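Please read these points with the model open beside you.

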Amino acid sequence: MGFFRQNVAIDLGTDTILMYLENKGIVVNQPSLVSVKKGTDTIVAIGDESKTMLGRVNPDTEVIRPVASGVVSHFTLTKKMISYYLNSNITNFFHRILKPDVMVAVPLHTTEVEKRAVERVAQEAGCARVFMIEEPLAAAIGAGLNVENAYGHMIVDIGGGTTDVAVVSFQGVVSGKSIKVAGDSFDTAIMEYIKKQYGMMIGPLEAERIKKELACLYHGMVTNTMEIHGTDVIEGAYKEQTITSDELMETMMEVALPILDCIHEVLGNTPPELAGDIYSRGILMTGNGSLIKGLAELIHRSTGIDVTIAENPGLCVVNGAYKVLTTMSEQQKTNI
């Protein structure tokens, strides 16, 4: 009956969950957030609706990230989140009965214990057979790179909770490293800077807005100002403040340095032949974190290698995972 199952790919990110459904395309692109009644697993809201509750919920409700650093941190809520999106989008009764095959993208060097948790949560959420692929390999395939030949490609995939840096060749990861420094780290650094510099508390949504619209990692690329909104730390009153892109650069750079170090480390562990390929072909950046202004230019300046940001970088992983799943034969699925 495996021939009749629908194929589903899931990018289970710290910030965003994406789901690619056969014959429908990407049907889910939502924040990985679940709002529950405090002290229970009773869901109040999921996804975008839950994100609007950040910093605004009453004491009886809390907003939870069920996925941390790309791995399951809250089993029950992750299961309910996946189940909700599957049931919302698989409307055919026959496909619901058979249950879909699913390919889940996981961070580089995910442990066997973490992989078993992903497999179990997907099965209990309503999936039949569960397969996994490392995110940088999926990102490379989703970005359109030919990973079947022996040439080396370097992928820097910057998500919300993790950054995966990998050299892929011949359908596999030759060298790579994953660090827990990514998009959320920049948000946290911005919140801490505003608190220390101006005695002002801002929420994660405001920090994310500052990161996307104002922050920059390359001097002179952006010279904007922005009015931000928050709460005075001492008086607790509403407060406004004007900040500039230049003043955030040092704070942003402190977060970016571990990413640069990770790239240099992976380059240092790459066989000379493949390293030559990378220097001639360049580095490909994927993930929504790659859209931070000036980051690609900073990596180029640090490594001396050309850097390209993939088209629709946030969708590369889920697109690649789906491509791999749909090219697997029934025999391959059965034997894995």
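1. The lining of the second largest pocket divides into 9 nonpolar, 3 polar and 2 charged residues. Here Ala, Val, Leu, Ile, Met, Phe, Trp, Tyr, Cys and Pro count as nonpolar, Asp, Glu, Lys and Arg as charged, and the others, Gly among them, as polar. Of the 14 lining residues, Ile141, Glu148, Gln171, Val324 and Thr327 are the closest to the centre of this pocket. A pocket is an open set of points on a 1 Å grid over the protein atoms alone, where a 1.4 Å probe fits, with protein on both sides within 12 Å along at least five of seven lines; lining residues have an atom within 4 Å of a point.

2. This is a predicted model, in which local features need pLDDT of at least 70 and side-chain atom pairs count only at pLDDT 80 or more, while totals for chains, interfaces and linings use all residues. Residues are numbered from 1 along each chain as its sequence is written, and side-chain values use heavy atoms, with hydrogens and water left out.

3. The second largest pocket holds about 380 Å³ of space. A volume is the space filled by probe spheres set on the grid points, which are joined across faces, edges and corners. Strand S10 (130-134), helix H5 (135-142) and helix H11 (316-327) each give at least two residues to its lining. H11 has the largest share, 3 residues. Helices (H or I, at least four residues) and strands (E, at least two) are DSSP runs, numbered from the N terminus.

4. The largest pocket has a volume of about 930 Å³. Among its 42 lining residues, Asp15, Thr16, Gly160, Glu208 and Asn288 are the closest to the centre. The lining of the largest pocket consists of 13 nonpolar, 17 polar and 12 charged residues.

5. For the chain as a whole, there are 12 helices and 18 strands. The C-alpha trace spans about 65 × 55 × 30 Å along its principal axes. Of the 336 residues, 51% are buried, meaning under 20% relative accessible area with a 1.4 Å probe, protein chains only.

6. Is Ser290 buried or exposed? Ser290 counts as buried because its relative accessibility is 1%. Ser290 sits in the loop between strand S17 (283-286) and helix H10 (295-303). Apart from neighbours within four places in sequence, Ser290 is in contact (heavy atoms within 4.5 Å) with Ile158, Met285, Ile309 and Pro313.

Note on methods. Buried means under 20% relative accessible area, exposed over 50%, partly exposed in between (1.4 Å probe, protein chains only).
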